[in-house]
Structures are given as structure tokens and as C-alpha cells.
Amino acid sequence: MDRRQFLNNLSTATVASIAGGATLSAKADALEEAMSVELDKRIATPWLCNIEPMPTEVAGDTRPWYQHEDPRLPEMPKAPTLRDFYKLRFAPANHVLQSARYAQMNGMEEKVIMACLLHDISVENLIRTDHGYWCAQMVRPYVDEEVAWAIEAHQALRFFPDESVGYEYPDAYIRFFGADYQPEPYIFDAWEKAKNHRWYMTSRLITLNDLYSFEEGVEVDIDDFEDIIGRNFRQPAEGLGFDGSPVAHMWRSIIWPNNFL
Ligand SMILES: [Fe+2]
Ligand SMILES: [Fe+2]
């Protein structure tokens, strides 16, 4: 931490609390508290599917750590299906469900609807950073490669307008990242590779149905997509997480997000 910069940026309230310490030691404590708050703010811990950083105690559960049975979460079946994840772990999953509904209302092909349904599932349930890549990897063994490719590319495509379909740079990104924000070079590279790819439009359609997918008061149920999932998602008989696939551990991490190891 740059101490000079830190001290210059202290809020009036923090300065008052440090100055108000009755003894030198009380002043030092107040300063330390301010520094630790500042550090917490600046150092982002990757949010890897934890539902809380420190699990709160559950009455009657004397185990020091959760390992497999977490009393705060609904129990998952032994061989969970994609539907079980939406119902028992992802719920309410409004964003992806509404995106898929919007794609359906717009008359999109099933593979686009399927891609919309899956496009952000890591964000609330596993990890946010580089979410297009994580989401694509999670589903790649179970969907057509085109769907996985489109999900991966949507992360980059979100940053690049496409007038041909009326896709504009999201206003939300200006609010989130500032008007001068430039994506990292790897996002430009991904855009370069995607824009002439034969599956470009599948990914572009995710971004198009993504943009307007937050609607207050609209409730969409995963069962509305039962047939589409049945035709477009190869559910492993052993259950997601237990089929020995290269991504099974990702699904298990969502089943048991608070396992000690
Ligand atoms: Fe996304
Ligand atoms: Fe999205």
C-alpha cells in the first residue's frame, strides 16, 4: 500500500476516528482498522462458488468444517441433472432463464435458446471472472461444439457493437467500467478470431438476447425448456459431476461449494 496516497485519501470520518483516539495506542488501533478496511476493498478474493466467505454456524451442527453435507443448501440427488442444478443450486437464475425466454420469443433456433440458457451459469454459481470461458468449459462435453463456442465468444462480443443486428455497446459497461474502458488485448484477439467465424452469429445472438433480458416480475421456470434441454444437452447417466468428464469437478464444486477440501 502507498502510505502517502492512503493517508491523503482517508475520509473525514476516518481521520476523525483516528484523531479522536484517547491514547497513542487507541489512535494506532484506529489507523490499523482503517488500513485493513482499505486492503479488504482492494484485494479481491476470487469468488469461487462460496456462498459465504465464513460459513455462519448452524444450530446443532458441531462440525468445524462442512464436508459434503451442508445443512444450508438443498440436498442434491445422487445423479443430478441439469434441471436439478437450476432448481437446487442456480435458482432463481433469472438472468439466464429470461435470456432464453427472450430468445424463444424472438423465434431463435433451439441451439441459440440453449446457449442463452447456459451462457452465464458460472457467474452466480462458480466464478465471475472470465465467465464466458468458464461457462463454455463447463458445458462443452454435453452440448454441440457450436453452442460451447458461442458461449465462450459471447464474453468478447459483448464489447463490440454490430450494427447489422442492432447490437450496441452496453450502457451498463460505461457505468461499470467507465467511458474510457478498453478491454484487454486477449478480448480483442478473441473478437478478431470470432468476427469471421462460421458460428459468429450464434454467439452474437446470445449478446443480443442478453442485453434486454432483465424484466421485472417475469418468472420463467427451467421446466419451460424441458424439451429443448432434452434435445440439446447430453445428460450423463451418472449425473453431472460424476461422469468422469474433464469438467466433472466444476459441477461437484457447485454441489458442495463449502467443502473444506
Ligand atoms: Fe455473459
Ligand atoms: Fe448474460
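Helices (H or I, at least four residues) and strands (E, at least two) are taken as DSSP runs, numbered from the N terminus. On this basis the chain comprises 14 helices and 0 strands, and its pattern along the sequence reads α-α-α-α-α-α-α-α-α-α-α-α-α-α. The model is a predicted one, in which local features need pLDDT of at least 70 and side-chain atom pairs count only at pLDDT 80 or more, whereas totals for chains, interfaces and linings use all residues. Residues are numbered from 1 along each chain as its sequence is written, and chains are lettered from A and ligands numbered from 1 in the order in which they are written.

Of the 261 residues of the chain, 29% count as buried. Two residues are in contact if their C-beta atoms, placed from the backbone, lie within 7 Å. Among the contacts in the chain with a separation of 6 or more, 69% join residues 24 or more positions apart.

A nonpolar core is defined as a set of buried Ala, Val, Leu, Ile, Met, Phe, Trp, Tyr and Cys residues joined through C-beta atoms within 7 Å. The largest such core has 50 residues, and Ala115, Cys116, Leu118 and Ile151 have the most contacts inside it. At least two residues of this core come from each of H4 (82–90), H5 (94–105), H6, H8 (131–139), H9 (145–157), H11 (185–195), H12 (200–211) and H14. The most is given by H9, with 8 residues.

Helix H6 (residues 110–118) is mostly covered, as 7 of its 9 residues are buried. These are Val112, Ile113, Met114, Ala115, Cys116, Leu117 and Leu118. When residues up to four places away in sequence are not counted, cysteine 116 touches Val96, Ser99, Ala100, Ala103, Ile206 and Asn209.

The packing of H9 and H11 was described with axes that are lines fitted to C-alpha atoms, for helices over the stretch in contact, and with angles that run from 0 to 180 degrees between N-to-C directions. The two helices pack at an angle of about 120°, with their axes 8 Å apart. H9 is therefore oblique to H11, given that angles under 35 degrees count as roughly parallel, over 145 as roughly antiparallel, 65 to 115 as roughly perpendicular and the rest as oblique. Ala153, Ala156 and Leu157 of H9 make the contact with Ile187, Ala190, Trp191 and Ala194 of H11.

Several local features occur in loops. In the loop between H4 and H5 lies proline 92, and the peptide bond from alanine 91 to proline 92 is cis, with omega near 10°. Alanine 93 is found in the loop between H4 and H5; its phi is near 50°, a positive value in a residue other than glycine. Alanine 93 counts as buried because it has 21 C-beta neighbours inside 10 Å. Aspartate 130, in the loop between H7 (121–125) and H8, has a phi near 55°, a positive value in a residue other than glycine. With 14 C-beta neighbours inside 10 Å, aspartate 130 counts as partly exposed.

Histidine 249 belongs to helix H14 (residues 248–255) and counts as exposed, with 9 C-beta neighbours inside 10 Å. The C-alpha atoms of histidine 249 and methionine 138 are separated by 9.4 Å, although these residues are 111 residues apart along the chain.

How values were computed:
A residue is buried if 20 or more other C-beta atoms lie within 10 Å of its own, exposed if 12 or fewer, and partly exposed in between; C-beta atoms are placed from the backbone.
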